[in-house]
Every structure is written in C-alpha cells, then in structure tokens.
Amino acid sequence: MRISAAAILRGSTLAVLVAFLVAPHGFEPVFRPLVQDNAPAIYSQGDLLMLTLLHLRTVALATAGATVVAMAMAILATRPAGAEFLPLSRSLANIGQTFPPVAVLALAVPVLGFGEKPTLIALFLYGLLPIFENTLTGLTTLPPAVIEAARGAGMTGRQRLWRVELPLALPLILAGIRLSVVISLATATIGSTVAAKTLGEIIIAGLQSNNMAFVLQGGLIVGMLAILIYDGLSAIERQVARRAGLPTRA
Amino acid sequence: MTIRIDKLGAVIALMVAYGGLVAPFAIFRANRIVPGEARSLIEALPPAAAAGLAIVLAAVACMALLRLPVSLRLAAAGLALCALAVSIGLSARFLTPDGDSYARVAPGSGVWILLSAFALLAADAIARLGPPPWIRLLLLAAVLAAVGAVLLSGLWDNLSILKEYAGRADVFWQEAGKHVTLALGSLLAAVVAGLPLGILCHRVKRLRAGVLNVLNLIQTIPSIALFGLLIAPLGWIAVHVPGAYALGIRGIGAAPAFVALFLYSLLPVTANTVAGLAGVAREVNEAARGVGMTGTQRLLRIELPLATPVILTAIRIVLVQNIGLATIAALIGGGGFGVFVFQGIGQMAMDLVLLGALPTVVLAFAAAVILDAAIEMKAPVFNRNKIA
C-alpha cells in the first residue's frame with residue numbers, strides 16, 4: 001500500500017515538472033504573488049525546457065566522464081600492478097573533496113574561458129570522488145571465498161574482474177554514481193556564474209532583478225529533477241542487486 | 001643489481017620534465033588587464049638561481065624515480081616545494097622592472113604543475129608512512145607556519161596576487177572574518193539543533209523517516225536558489241518582528257546565507273547522530289541498564305561518547321562543505337572570500353579570483369586535516385569502550 005502511495009507521489013511530481021517545462025505560462029497564477037506589479041512571473045529570457053535539457057546534458061557528460069575515469073582508477077589501484085597507487089589515490093580522493101566548487105569553477109575560467117567547459121571540469125572533479133570511493137569499497141570488500149572459487153575455477157585475472165568482481169560491486173558503484181549525479185545537479189547551477197547555460201541562469205536572473213518567482217522556479221525544477229533521478233537510479237540499483245542475488249544495500 | 005623504478009615516481013618525473021622545460025614558469029603583464037607573456041624557467045630567474053632550481057628539480061625527480069626510503073622521499077618533496085616557493089618570489093622580483101608599480105608577475109602553469117607534482121610526492125609519502133594524527137597536525141602547522149613566514153618576509157610581495165591583496169588588505173581580513181564566522185557559526189547552530197533532533201529521532205522512531213526526508217529534500221535545492229529564497233522571508237522578519245533588525249537580521253546579506261548554511265548542515269549532523277546512536281551495541285546498553293543507569297545517564301555516559309566518531313565525521317563533512325558554500329554568500333551580499341572570486345570573474349582579473357579562491361581552499365583543507373585527526377584520536381576510545 002505504501003509503495004503505491006510513493007509511486008503516485010513520484011508520478012505526480014514528474015507530471016507537474018513536465019507540465020511546467022512544456023507550458024510554464026499555465027503556472028503564472030502560482031508565481032504571480034511573488035513578484036512586484038509589472039515584473040514577469042515566469043522566466044522569459046530563455047526556454048525553460050531548453051535550459052533543463054542543457055542542464056541535464058552538462059550533468060550527464062560530466063558524470064559519464066567521471067564514471068569512466070573513477071572506475072578505471074579504482075580498478076587500477078586494486079590490481080597487483082597498480083597497488084603502489086592505492087594509498088595515494090585514497091588520500092587524493094580525500095583532498096579533492098576539500099576544493100570548493102566555486103573555487104574550481106573560477107580557477108578553470110582562465111584556462112578554459114567562460115561557458116560550459118569550466119562547469120564540466122568542476123562537475124567532473126566533484127563527481128569522481130563518490131564513484132571512486134564506492135568502486136574501491138566494492139572491489140576491496142568482496143568475500144574472499146568468492147575470489148578463491150573464481151581462481152580455483154581457472155579464471156584469469158581479467159575474467160575474474162569482468163565476470164565476478166565488477167558484477168558483485170555493481171550495486172555499490174551505482175550508488176556512487178547516484179550520489180555523484182545528485183551533487184552535480186545542484187552544483188551545475190553555480191556554473192551559470194561563469195556563463196554556462198544551466199538552470200542556474202534562471203536563479204541568477206532572479207537574484208539580480210530581485211524576482212523571487214525566478215529563484216523559486218529555478219530551485220524547484222532542479223530539486224524535482226534531483227528527486228526523480230535519485231528515485232530512478234535507486235530503483236535501478238535495487239533491480240541490479242536483486243539480479244546479482246545480493247541483499248539490497250542502501 | 002637491477003634498479004627498480006617507482007611507477008608513481010615515473011609519473012612525477014614526467015610532470016617535472018613538462019612543468020620545468022615546456023610550460024611557462026611565470027606570466028608577465030605590463031599592467032593588470034593586458035594579456036600576459038609567458039616566460040620560461042631560464043628567462044624568469046637570474047642565471048644562478050635558474051641553475052640552482054633546475055638542479056634541485058632534477059635531483060628530486062630522480063629521487064622520486066628510485067625506490068628510496070619513504071621518509072627520504074618526503075624530505076625531498078619538502079625541499080623541492082621550498083625551492084619552488086623561494087624561486088617564484090625571486091622571479092617576481094627579477095621580472096618586475098625597478099619602480100614599476102603597474103607590472104604584474106604571476107606564477108605560470110609550469111609552477112602549478114611542479115607544485116602539484118611535488119605535492120603528489122609528499123602526499124604519497126605521507127599516505128605510505130601513515131603517521132599518527134598528532135604528527136599530521138604538526139605537519140599541517142609546519143606547512144602553514146612556513147607559508148606564513150614567507151608571506152611576512154616579503155619574498156612574495158612582487159607577485160600579482162599579493163599586489164591585489166596590498167590594495168585591499170583591510171577588506172580582505174574583514175571578508176575573511178565574515179567567511180569564518182559564517183562557516184563556523186552555521187556549523188555550531190547546526191550542532192546545537194541537530195544533536196537534540198538526532199537524539200529525538202533515535203528515541204521516537206515514528207519521527208525518524210519524516211524528519212530525515214524533509215532534511216533530504218532541503219539538500220536537493222541548489223545552494224544559490226536556497227540563498228535567494230531566504231531573502232524574502234528574512235526581509236519580512238526584519239520588518240515585522242520587533243528586535244529582529246537589531247539582531248542583524250536582514251533580507252540580504254549574512255542572515256540568509258547563515259540560515260541556508262545551517263539548513264544544509266542539519267542533515268549530516270542529524271542523520272549521523274541517528275546512525276551513531278543506532279550503532280551502539282545492544283549488549284552495551286543492556287549492561288548499562290543492568291548496573292542501574294537512567295536513560296539520561298546512558299545517553300550522556302554511554303551512547304553519545306560511543307557515537308562521537310560518527311558525529312565528528314558529520315561535523316567534518318559539514319565544516320568542509322560550509323567553507324566552500326560560504327563563497328556563494330557573496331552573490332547575495334553576505335560577504336566572505338566569494339566577494340573577491342565574483343569581483344575577479346566580473347573584472348576578468350584572475351589574480352583577484354585567486355585571492356578569494358586560495359584562502360578558501362587552504363581553510364577547507366586545514367579543516368579537513370584537523371577534523372580527520374580528531375576523528376582518529378577519538379576512534380581508539382570508541383574501541384576501548386566497545387571491548388569494555
């Protein structure tokens with residue numbers, strides 16, 4: 001009973017979000033009380049749907065890059081050949097988290113110029129850490145008996161990695177990706193301070209013209225996207241974990 | 001005898017070769033806004049200093065390649081970092097024409113690459129040595145003291161970032177104070193509110209899911225939106241609640257930034273308090289009950305001390321995150337180092353951006369090191385209690 005209630009909530013969140021993105025002016029009465037007399041209540045300097053898609057594209061690109069690099073690093077660090085890099089990569093992942101996103105963005109501007117690129121770099125760096133950490137945990141906490149069995153069955157190192165270790169670590173890796181996506185969705189809005197086309201543009205326009213309706217719109221769209229994507233990825237994780245015959249991990 | 005090459009050392013040697021030979025060592029500008037001209041290591045330093053630095057760089061790169069004792073590698077990395085710090089100051093002095101107050105000299109990408117290479121070497125050595133927490137604190141203090149000493153000595157005074165600082169020294173320390181107050185104050189408020197809330201959620205199971213879900217929802221609101229959304233309600237409070245204005249509550253400025261940081265901090269503190277209390281072994285609680293402890297006594301003497309490492313982990317997350325997020329306060333007039341970052345972006349003056357960004361990174365990094373050490377120092381107590 002509870003599951004269906006959650007499903008209804010999720011479905012209606014999605015419906016409201018899509019309706020708002022496709023026909024924002026239908027929601028004007030909702031935002032009207034937040035603005036002064038003649039100010040527009042709905043963001044008008046750009047297409048909301050387009051900005052949302054660009055926002056999602058930026059997050060997707062950065063997360064895809066982060067996933068590939070972080071997994072490669074974690075796999076390398078857990079192989080015998082890369083064992084030397086393990087302590088360093090752990091402390092690097094830790095240090096990386098102390099760099100504030102605004103600082104990363106601002107420092108990337110002189111090298112990459114204004115626009116989407118510094119945002120991509122900042123999101124990529126931020127996305128690396130959760131995925132790397134979770135992949136590392138997933139690969140280093142496998143039951144030794146399973147690895148021994150795989151070795152006993154005559155599997156080579158590569159076969160063990162692809163057929164045993166990665167499938168077993170997959171739910172944890174996915175959890176890392178989910179965390180990374182949710183952080184990126186919110187952080188991408190800061191990219192608009194360096195002229196990236198993201199939903200942050202709406203919020204910043206609102207801050208500059210003292211238009212609370214804009215700020216709320218931008219914030220709500222990003223928040224709803226984050227909730228829906230978080231839910232969707234959690235569902236995929238449960239599916240994968242069930243298929244792998246593992247107890248579901250949060 | 002075969003010489004075994006260190007794999008990380010190979011990466012570092014490559015970085016040193018590229019940073020030292022290919023990438024520009026310094027960037028010279030005739031004034032603050034014209035495009036810079038690159039200067040290689042040889043052009044950027046007096047001949048003797050250039051030769052000296054080149055020898056140090058080459059020697060340390062070779063030491064990184066060989067499998068030497070780890071403490072020796074750490075010392076080598078330290079030596080190279082010191083040599084670089086001195087050289088970049090010398091280079092700024094050397095490149096600035098006498099009496100020219102418009103010329104700007106900034107470290108080039110080569111310096112940043114060299115610094116990262118040796119920082120990597122040092123980080124690797126420290127990670128392999130695995131020093132106890134108090135040694136790490138001592139190392140941090142030594143590094144900060146060294147940087148402070150160089151700053152005070154005036155060696156770096158000709159660098160463009162310090163010229164930006166010289167023009168606004170008063171404002172810098174004002175904003176620094178605001179930044180730290182925002183980050184620490186909101187953390188303190190979050191602990192004062194989140195700890196009891198976590199305890200309540202632990203005791204009253206029905207509340208738990210609801211409270212944590214609400215706090216989770218807040219996390220999904222992007223920071224700039226949350227900062228902005230608080231302007232209206234706080235502005236209303238400032239006008240309509242007697243005494244609020246006198247307390248410094250305004251629609252724009254530090255108040256909405258403080259509240260936003262507080263709201264973001266609540267989830268980690270509350271959730272980790274719940275997790276920490278839930279992690280206390282049932283046998284321990286039973287034993288405490290058996291010796292006749294009341295609920296409050298158990299909470300204060302058994303449960304909270306055992307949950308401390310988990311709660312401290314939350315405080316680490318929150319503090320590092322708040323130091324970073326406080327930069328965004330500048331967008332709504334809340335002050336902090338973000339003021340320089342956004343001014344710099346607006347004026348395309350990257351030295352000004354650095355003046356805001358570097359102290360933020362240093363603060364966040366120092367906070368992380370200090371709290372990591374604190375968590376580790378607390379952990380043995382945790383284990384002792386667990387055994388007892």
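**Figure 1. The run of elements in chain A.** From the N terminus on, chain A reads α-α-α-α-α-α-α-α-α-α. That gives ten helices and zero strands for this chain. Its C-alpha trace spans about 75 × 55 × 25 Å along the principal axes. Please keep in mind, here and in the views that follow, that this is a predicted model.

**Figure 2. The two domains of chain B.** Here we turn to the other chain on show. The domain assignment of chain B places residues 7-166 in domain 1 and residues 169-387 in domain 2. Taken over C-alpha atoms, the centres of these two domains of chain B are 35 Å apart. Where the domains touch, domain 1 of chain B brings 15 residues to the contact and domain 2 of chain B brings 19 residues.

**Figure 3. The open sheet of chain B.** Three strands of chain B make up this open sheet, in the order S2-S1-S3 and with antiparallel pairing. Strand S2 (37-39) and strand S3 (104-107) of chain B are the edge strands; each has a single partner strand, so one side of each is left without a neighbour in the sheet. Direction ignored, neighbouring strands of this sheet are turned by 30° against each other on average. As a reminder, strands of a sheet pair through backbone hydrogen bonds, either parallel or antiparallel.

**Figure 4. A closer look at S1 and S3 of chain B, with helix H4.** Strand S1 (residues 26-29) of chain B is joined to S3(B) by four bridges, and the two run antiparallel. To find your way along this pair, look for B:Ala26, which stands opposite B:Pro107 in S3(B). Helix H4 (residues 70-95) of chain B lies across S1, S2 and S3 of chain B. Relative to S3(B), helix H4 of chain B runs at about 155°.

**Figure 5. The second largest pocket.** This pocket holds about 250 Å³ of space. Its lining counts 13 residues, and those nearest the centre are B:Gly20, B:Leu21, B:Leu41, B:Ala54 and B:Leu57. Three helices of chain B, namely H1 (7-22), H2 (41-44) and H3 (47-65), each supply at least two residues of the lining.

Technical notes:
Residues numbered from 1 in each chain as written. Chains lettered and ligands numbered in written order. Predicted model: local features only at pLDDT ≥ 70, side-chain atom pairs only at ≥ 80, totals over all residues. Heavy atoms only, no water. 1 Å grid on protein atoms, 1.4 Å probe; cavity = no way out; pocket = protein on both sides within 12 Å on 5 of 7 lines; lining within 4 Å. Points joined across faces, edges and corners; volume = space filled by probe spheres on them. Pairing = 2+ DSSP bridges. Axes fitted to C-alpha atoms, helices over the stretch in contact; angles between N-to-C directions. Contact = heavy atoms within 4.5 Å. Domains from an automatic or database assignment.
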